[in-house]
Amino acid sequence: MRSIRTKLEPLTGVLVTAAVALLALPLGCSTGLRAPGPAASVDGAPPRRGGTLRLASVFDVRNLDPAGPSDGLTMQAQLLLFDGLVDFDRDGHVVPNLAEKWEVSDEGRTYRFTLRAGVRMHDGAELTADDVRRSIERALHPTTPSSVASFYEGLAGYSAYAGGTAPHLDGTVEGRYVVTFRLEQPDAAFLALLGLPAMRPVCASAGDRYVDTWQPCGSGPFELEPGGWQHGTSLRVVRHEGYFRPGLPHLDAVEWSFGVWPVPQRFRFEDGDLDLLLNATQADVGRFMADARWKGLGVNFFDNTIWGEAMNTRIPPFDNVEIRRAVAAEIDRNEYAMIKPSQMSPLTQLLPRGVPGYDPSFQGQVHDEAAALEHMRRAGYPYDPATGKGGWPAPIVYTVSDVSVGAYASQILQQALARIGLHLELRLVSYPAYLAITQRAGASAMHPQGNQGDYADPSTFFEPLFTTGAIRSEGCSNTAFYSNPIYDDIVTRARRATSDDVRRALYHTANEILRDDAPWAFTYGQHDFVMRQPYVKGFHAHPVWPFDVREVWLDRGDALPAPLTGGLR
Amino acid sequence: MRRALRRLGWSVFVVWAVVSLAFAVNNLVPGDPARMVAGVQARPADVERIRVQLGLDRPPLVQYGLFWKRLVHVGPRVVDAAKDPAHASCAVVVGLGDSALHVDLGRSYQRRQPVVDLILTRLPRTFALAVAGIFLQLLFGLTTGVLAAWRRGSWIDRALVGTSLLGVSAPTFLIALALQYVLAYWLRWLPLDGFGKTLGDHARCIVLPALTLGVYGAAYYTRLVRDEMAGLLEQDWIRTARAKGLSPARVLVVHGLRNALVPVVTSVGLDFGALMGGAIVTEKVFRWPGIGELAVGGMLDRDGPVILACVVVSAAFIVASNLLADAVHTRLDPRMRARA
């Protein structure tokens with residue numbers, strides 16, 4: 001009589017084979033990629049009007065009102081609907097947009113904007129200086145749930161207005177097309193701040209005060225279709241026929257699906273149901289790049305987010321600058337970038353590529369293990385790699401979010417620092433807990449921290465992350481709790497300087513201080529990587545806006561396939 | 001009657017306890033809802049302003065008291081949100097003369113909508129998915145369980161039990177991805193995900209998530225029914241039924257299956273209640289906009305009103321479906337009737 005085990009063996013084999021096959025299917029081990037949808041004409045053909053651009057994102061748009069709470073994806077959606085007085089060209093420079101010109105006077109304290117005549121809002125009304133002023137005061141009103149109102153505290157009259165003691169900001173409206181803003185102090189970042197969605201004019205229907213139920217209406221290249229926004233599910237915007245730039249946008253509409261995981265996104269993109277693939281997994285990027293039909297259709301964006309290992313300068317051992325220098329010298333930034341090479345690049349200094357003021361020739365922090373060991377010796381904690389003796393005697397708690405790239409990077413860091421006698425104890429927590437712990441004074445010795453540029457100016461990196469003024473006991477953005485009066489002074493002067501050359505020199509010095517004091521060991525810059533179908537034309541990387549479709553056009557050479565979704569994307 | 005009232009009172013206590021626990025946990029674990037609304041990089045002044053606007057500057061006990069005070073209260077019969085902001089997030093349940101009974105679950109911090117509206121919009125979707133999922137679980141589970149019990153010890157039994165082991169062990173997301181790959185991407189028979197706009201769209205879109213729940217749960221019911229029936233089919237009264245000349249199918253279904261259903265009903269009661277709390281992974285993977293999808297977003301964003309509302313709904317349905325399961329249980333099992 002055969003044993004039960006013998007009887008079950010053939011069945012077990014079948015089950016294991018079936019399980020492996022089932023696991024392999026979603027990973028696509030046994031299938032190649034489908035061919036991309038063809039383009040009708042060769043590159044260089046003139047743009048054609050029409051078509052709907054279809055996109056998907058893992059995340060959700062939170063708010064379409066530019067005055068409301070915002071984040072990266074929300075801002076991208078708002079850019080479709082609202083145009084600003086100023087914009088940024090493909091080199092990241094501020095250029096006129098709804099304002100055809102501006103004059104700066106009073107040593108950089110007064111900005112006088114002249115609007116273009118004949119700019120039409122989505123409701124058909126002409127944009128006037130009153131609209132600009134009303135929109136800005138609406139966004140900065142104390143009852144508005146704005147995420148960025150305090151960026152504009154330099155506006156004259158802001159304190160009284162935000163405190164509810166003044167009905168208006170200082171500033172004047174002259175006639176129909178001229179509006180003037182005054183600043184308390186010269187602010188070199190003011191024009192960049194003015195380009196943010198929060199400052200973009202909204203239709204009269206928005207009124208003077210923010211309400212949640214307002215139907216978004218602005219002067220952007222697209223307008224919201226009635227019922228076009230299903231919160232958490234989809235957004236559909238259609239061309240604003242009265243857009244002030246002749247011939248633009250080329251597209252009839254943009255449709256955006258939200259909450260779509262990366263693997264289903266790839267299925268839909270490959271099947272021709274999406275025109276751009278925004279959230280590809282690294283494995284899928286590798287597959288696309290290895291396929292001659294798809295290679296060349298990937299678009300690399302500029303780094304807009306920086307990451308570093310923040311070391312709390314008030315907690316041992318990181319109150320010792322030599323220990324911080326040792327960490328900065330031990331980290332091999334190329335190892336970090338290998339986690340997701342399509343979207344990560346080694347970072348040796350504070351400013352990422354794409355931000356005005358970035359200096360590619362700057363000598364930043366570099367990997368040098370011998371130097372790291374020397375810094376450990378100078379700190380008073382010499383370490384002998386051969387015997388494993390010495391180093392910092394206690395484990396260092398490293399707090400990291402359990403759903404980020406940081407969870408992988410932390411293991412690289414742990415191994416690297418062990419080689420110089422620093423032993424990390426990884427504490428993986430939820431993202432909200434990670435934020436709460438790392439932003440609280442005295443709660444975290446070391447953790448990864450990222451910063452996405454809020455606006456196109458170096459100050460968005462230098463000020464919140466490292467100035468003394470940014471230090472708070474809770475909700476602190478300077479999570480290294482780094483304080484250096486010389487650095488503070490340089491950064492303040494750079495913000496107020498009106499000469500680009502002076503600013504560049506000051507920020508260069510500030511960058512050197514950060515490199516040498518090492519409150520952060522800079523690790524990697526992060527950028528978007530987007531796959532496009534061959535028929536998507538005019539899509540390019542922009543240094544400021546992660547997503548600009550004003551000049552995109554579709555050149556499809558075949559009929560649209562039946563959608564893989566249930567109709568509502 | 002006294003027993004029913006006691007059960008009802010106990011059920012209300014369970015809902016209160018679960019919601020209170022959720023409130024405590026949400027307030028005790030690190031994380032700042034105002035920060036989550038304002039954004040990771042928002043400056044302290046902006047975070048503080050939003051904190052005050054959301055009422056999060058009040059002590060947690062005051063917030064807790066307000067939640068229960070607002071949950072069910074009497075208010076105007078007709079609510080004009082613009083003129084009466086105090087009742088803007090209420091749903092009118094039943095009229096009481098000039099007044100009405102209101103239910104108020106607050107406003108979502110992130111979505112900035114009355115939570116009661118979000119729940120009412122999503123509840124029917126989750127209900128549809130739960131019913132479809134349970135239906136498929138029972139269809140597959142009972143069929144294969146009876147078959148395995150009937151052919152106990154044969155290769156059919158081993159194959160079904162082995163497959164059910166695979167179903168129980170496989171994570172839901174893996175089943176979901178495999179079904180998406182085969183039925184949507186490869187064969188193109190069904191939509192990959194979404195909800196659709198028309199009734200036809202909804203019907204097509206629900207198939208894959210319901211199948212995912214069906215495959216996952218069916219495995220459990222296969223084993224439950226098979227083991228239960230295997231024991232029952234050895235009983236003397238089954239032998240008697242066979243000896244009386246009843247057909248095998250009648251013995252199997254009327255005498256065997258009916259008695260095996262007692263634990264199945266209990267499990268269905270628990271499962272249905274849990275699914276009404278949201279089939280979290282399934283709804284998320286398939287972008288089925290139900291309670292589960294809402295709950296996930298709420299938890300990730302520390303959106304207190306949404307979390308509490310989802311807990312209230314989930315707890316209420318689990319309690320209600322258990323009460324219902326008890327009633328059906330009593331109906332199926334004469335011993336329970338006698339005890340009652």
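How much area do chain A and chain B bury between them, and what part of it lies on carbon and sulfur atoms? The two chains bury about 5000 Å² between them, 56% of it on carbon and sulfur atoms, where buried area is the accessible area (1.4 Å probe) that two parts lose on being put together, summed over both.

Before going further, note that this is a predicted model, in which local features need pLDDT of at least 70 and side-chain atom pairs count only at pLDDT 80 or more, while totals for chains, interfaces and linings use all residues. Residues are numbered from 1 along each chain as its sequence is written, chains are lettered from A and ligands numbered from 1 in the order in which they are written, and side-chain values use heavy atoms, with hydrogens and water left out.

Stay at the interface and select both sides: 64 residues of chain A are in contact (heavy atoms within 4.5 Å) with 51 residues of chain B. The count of salt bridges between chain A and chain B is four, a salt bridge being a side-chain nitrogen of Lys or Arg within 4 Å of a carboxyl oxygen of Asp or Glu. Select Asp271(A) and Arg188(B), which form a salt bridge with their closest N and O atoms 2.8 Å apart. Among the elements that give two or more residues to the side of chain A that touches chain B are strand 10 (253-258) and helix 12 (431-438) of chain A, these being DSSP runs numbered from the N terminus (helices H or I, at least four residues; strands E, at least two). Helix 1 of chain A gives the most to that side, with eight residues.

Chain A averages 90, and 92% of its residues score at least 70, but pLDDT stays under 50 over residues 1-31 of chain A. Where pLDDT is low, the predicted coordinates should not be read in detail.

Now select Cys203(A) and Cys217(A), which are joined by a disulfide with S to S 1.9 Å, the cut-off for a pair of cysteine sulfur atoms being within 2.5 Å. With -70° about the S-S bond, the link of Cys203(A) and Cys217(A) is left-handed.

Cys310(B) is buried, with a relative accessible area of 6%.

Conventions: pLDDT = per-residue confidence, 0-100. Buried < 20%, exposed > 50% of the residue type's maximum accessible area, 1.4 Å probe, protein only.
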